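Subject: Structure handover

Hello,

Here is the structure I said I would pass on.

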Amino acid sequence: MSPDLQHTRNIGIMAHIDAGKTTTTERILFYTGITHRIGEVHDGAAAMDWMIQEQERGITITSAATTTFWKHRDQEYKINIIDTPGHVDFTVEVERSLRVLDGAVAVFCAVGGVEPQSETVWRQADKYHVPRLAFINKMDRVGADFFGVVQEISDKLGSNPVPMQIPFGAEDNFKGIVDLIERRAIVWKEDEELGMKYEYCPIPDDLIDTVEEWREKLVEAVCVSDDDLLERFLEDRDSISVEEFMSYARRATINMDIVPVLCGSAFKNKGIQRLLNAISCLLPSPLDKGAVTGTDPKNDKEISREPKNDEPLTGLVFKIATDPFVGRLAYVRVYSGKLQEGVMVYNNRTGKKERISRIYQMHANKQNPKKEIGAGDICAVVGLKELRTGDTITSVGKPMILESIDFPEPVIGVAIEPKTQADIDKLGIALGKLSEEDPTFQVRTNQDTGQTLINGMGELHLEILLDRLKREFKVECNVGTPQVNYKEALTTEVKHREVFKKQTGGRGKFADIEVVLGPAEDNMKGLQFSSEIRGGNIPREYIPSVEKGFRNALTNGPLAGFPVESMKVRLLDGSYHAVDSDQLSFEIAARQAFKHAAPKAMPVMLEPVMSVEVLTPEEYMGDVISDLNKRRGQVEGMDSKAGARVIKAKVPLAEQFGYVTVLRTLTSGRASSTMEFSHYEPMPENLANEILEKVTGKF
């Protein structure tokens, strides 16, 4: 008997690379009976790392979904888990998973603490208002510091971490945990097989003061979040039972007033059962998250739907995947209503009806067929040909559009060409499927050279995609050197009048516009267009065509044809011809106006700048900083962590190719680095001229 919606949990496991997300998920699957053997990441045998590239590299690349059940206090809970990647190149997988989850478990390494990608995923969870638990993993490692990591979560992430348990021992002596609410120690026996059994024992004398101190902090943090509880606590604290206290702690967690902190060692099988209990007790069900709100496409009014099976169907497609046996799978979070096999659903983006042929509950890359899926659940469907990531599907006749998912823009590209004539057609199909699956992977053709350019989030991202082309789609390609995705921007305003006339006998073409082009306002992307036409100088129906012409022109900048990141256009005046003018004439006039005016608006080249963090032993710090300076890097700060130094810098992406190899050489392999996109900024003129020479010479 499956649990009801009150006992359903949709959670994600998120963290920095190597914090132990997949290992934690593997233990959860083992203890809940889904797998009968624990798969290890380092052996390439983890159930959730099913892609061959994941098994070879020991990293998670694609978010994998699974459903499991856990019994806690005689109540069975259904837990849908999504294990997300930690590498910054695959941040899209975390973004789209958090968009559809109700809660999350943030895993931190007890030695590394809050690392750069931890901060990124934490911000993503904040954006989508996802309540979370923190699990401090790897307590058995040398240098493990539970309280230090708790402090970092508070300082670096601006959260309110509240330990619910503290470690019993650390490093080699890590035996178990002390439950602060129950005031008892839990010890896992080393000789017991895979940590299935544990026993309770009294708290050691040397830990009693620490336990009482942190227990008071826990009680205080929960009481402060609720006025009624605080009043009762001040009058008679003994009147509050453990069950009652936990219900208030749950409310504080769901309201994101506190972040409960647990600890353990997933690899040594310690602490996972208690983590499952906490997921069941503290994280929200779809009912706690309440109604989902969206807009009615007919009138743009806000509407909401409750997480109930008798409401109209509303679901969000958060991932598209290609399975070699089943075909095109669309992962859907069902917010309201029921998704049934064989039923027609409405795609709100295309305005078309499509039939669902099959429904699956997923376990990594294995499918369990289902006849229907109810509100609050996650599943994969087959049969919907035109769905894309971020689409809303609803019952026919009951349209509603949910807020879509924002994806970062790719910053790096390579040119590819198929090795044989036979590969040309296969390449087009394969690239189409890969870009459907991954919204941060973009494909375009260079109009001048006819080259196919693929763009992604980083070198590893493109490397994995090229590997998939070869293995999954059997397409062999020659690959160019990686290219940075530069952009262009205008820096001053220019007034321009463009008259477009074409007479070919019979009806001709005519459009006349006067515009001001210039830089957009701060932090605005794309085209900011405004019309100041008063009276009938240009008929109202032609003005959207002027806007469309400028919008299309943005893809090809005035300097070297790189996209223009943002631009502001004001339409001041113009004229039209009663016979010869039409929408196309005004669209062409706008494109011509951009072509003639943009070069006069002092255009500059923009380059992507990355946030780089290097963890290095103290003795190599000078060499690392010197190397970053050579790469036009700006060092922004230095911290100490676990006996090493952390250097934070902003470095242009163009200077970072092959950096990992250089860093290893400089530090005898002892330093590590992480890098993520920060922003675009203008390039120095001499370097911009070099690139323009190369590009315009080549094109």
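Predicted model: local features only at pLDDT ≥ 70, side-chain atom pairs only at ≥ 80, totals over all residues.

Eight-stranded sheet

Eight strands make up an open, antiparallel sheet, and their order is S18-S17-S23-S14-S15-S22-S19-S20. Strand S18 (352–355) and strand S20 (366–370) each have a single partner strand, so one side of each lacks a neighbour in the sheet. From one strand to the next the twist averages 40°. At the S20 end, strand S19 (residues 358–363) is joined to S20 by five bridges in the antiparallel sense. Within that pairing, Gln361 has Asn368 of S20 as its bridge partner.

Helix H11 (residues 422–437) packs on this sheet, where it touches strand S14 (314–323) and strand S15 (327–336). The direction of H11 makes about 145° with that of S14.

The H11/H12 pair

H11 also packs with helix H12 (residues 459–471), at an angle of about 135° and with the axes 11 Å apart. The two helices are therefore oblique to each other, and their crossing is right-handed. On the H11 side the contact is made by Leu427, Ala430, Leu431, Leu434 and Glu437; on the H12 side it is made by Leu465, Arg468 and Leu469.

Four-stranded sheet

A further open sheet has four strands in the order S30-S31-S33-S32, with mixed pairing. Its edge strands are strand S30 (494–502) and strand S32 (526–531), each of which pairs on one side only. Ignoring direction, neighbouring strands here are turned by 30° against each other on average. Strand S31 (residues 509–518) and strand S33 (residues 566–575) run antiparallel and are joined by seven bridges. Val516 has Arg570 of S33 as its bridge partner.

Two helices pack on this sheet. Helix H13 (residues 543–553) lies across S31, S32 and S33 and runs at about 155° to S32. Helix H14 (residues 583–597) touches S30, S31 and S33, and its direction makes about 40° with that of S31.

Nonpolar cores

The largest nonpolar core has 100 residues, and Val105, Phe108, Leu133 and Ile136 have the most contacts inside it. Leaving out residues up to four places away in sequence, Ile136 touches Phe108, Ala110, Phe146, Val149, Val150, Val261, Leu262, Cys263 and Gly264. A second, separate core has 44 residues, including Ile416, Leu427, Val651 and Ile691. Leu427 is also one of the H11 residues in the contact with H12.

Regards

Methods. Residues numbered from 1 in each chain as written. Heavy atoms only, no water. Pairing = 2+ DSSP bridges. Axes fitted to C-alpha atoms, helices over the stretch in contact; angles between N-to-C directions. Contact = heavy atoms within 4.5 Å. Core = buried A, V, L, I, M, F, W, Y, C linked by side-chain atoms within 4.5 Å. Buried < 20%, exposed > 50% of the residue type's maximum accessible area, 1.4 Å probe, protein only. Parallel < 35°, antiparallel > 145°, perpendicular 65-115°, else oblique. Left-handed = near helix turned anticlockwise from the far one by under 90°.
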